[in-house]
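Let's take a walk through this protein together. Keep the sequence and the 3D view side by side as you read.

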Amino acid sequence: MPSRGGEAIRVLKSEAAITSCGGCVSLSVLCLHLPPSSLSFRRQMQMRFDGKIGFPGGFVDLRDGTLEDGLNRELSEELGCDPKTLCIAEIDYASSHATEALPQKVVAHFYTKKVSLEELHKVELRAVQAKDHGREVMGIIRVPLYTLRDGFGGLPAFLTNTFIGNAKEQLVSALRTLRLLNEAELQAAVSASRVG
């Protein structure tokens, strides 16, 4: 079972994600990514109000209807996204992780969505006009998907930042699953981040 700082994190399948953790609250987050290309970044995260790095999204409640509706609402608030142009659907679902050792039990539902560079630029431009910009969200961050010659700069250094919840684990898992980095590059970056 994966853990973070001694706290157990259960990886759940989609069908078990909502019902398996009695008393848990649901949190949905999104990882926007570009298709594999020659660009040195393909992934987007954000700086939060508490100085931690995370993915756009937030808590979902009953008024939202579905996890995806709640995530689309959060994206509108945090990134200024119009659900008609960037709509998260069930097909974008990637995984869920239950964390029960926190003061509040949480099931984090993780979604990924491939966008074009043009779409990513539009999201970045709208984000500074979003309702929560400057309050909950301090800004968008592009994740560097390279390692400098010194073996530490780039992704290894980025991974030493403080992440909210299991966002770092979600990032590494998504890089692997979406094959945005090959396994050797990813393992080298993760190892170097532990040394640095």
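This is a predicted model: local features need pLDDT of at least 70, side-chain atom pairs count only at pLDDT 80 or more; totals for chains, interfaces and linings use all residues.

**From an exposed loop to the cores**

At 69% relative accessibility, Arg179 counts as exposed (exposed means over 50% relative accessible area, buried under 20%, and partly exposed in between, with a 1.4 Å probe and protein chains only). Residues are numbered from 1 along each chain as its sequence is written.

You will find Arg179 in the loop between helix H4 (167-177) and helix H5 (183-195). Helices (H or I, at least four residues) and strands (E, at least two) are DSSP runs, numbered from the N terminus. Although Arg179 is not a glycine, its phi is positive, at about 55°. Most residues other than glycine have a negative phi.

Now look inside. The largest nonpolar core has 23 residues; such a core is a set of buried Ala, Val, Leu, Ile, Met, Phe, Trp, Tyr and Cys residues joined through side-chain atoms within 4.5 Å. Strand S3 (25-33), strand S9 (137-144), helix H3 (155-158), H4 and H5 each supply at least two of its residues. H4 gives the largest share, five residues. Apart from this core lies another, of 17 residues, including Leu30 and Ala127.

Finally, turn to helix H2 (residues 117-127), where Leu120, Val123, Glu124 and Ala127 are buried. Seen down the axis of H2, these buried residues fall within an arc of 95°, so they line one face of the helix (the arc is that of the directions from the helix axis to the C-beta atoms). The face turned away from the buried side of H2 carries the exposed residues Glu118 and Leu125.

Notes
Side-chain values use heavy atoms; hydrogens and water are left out.
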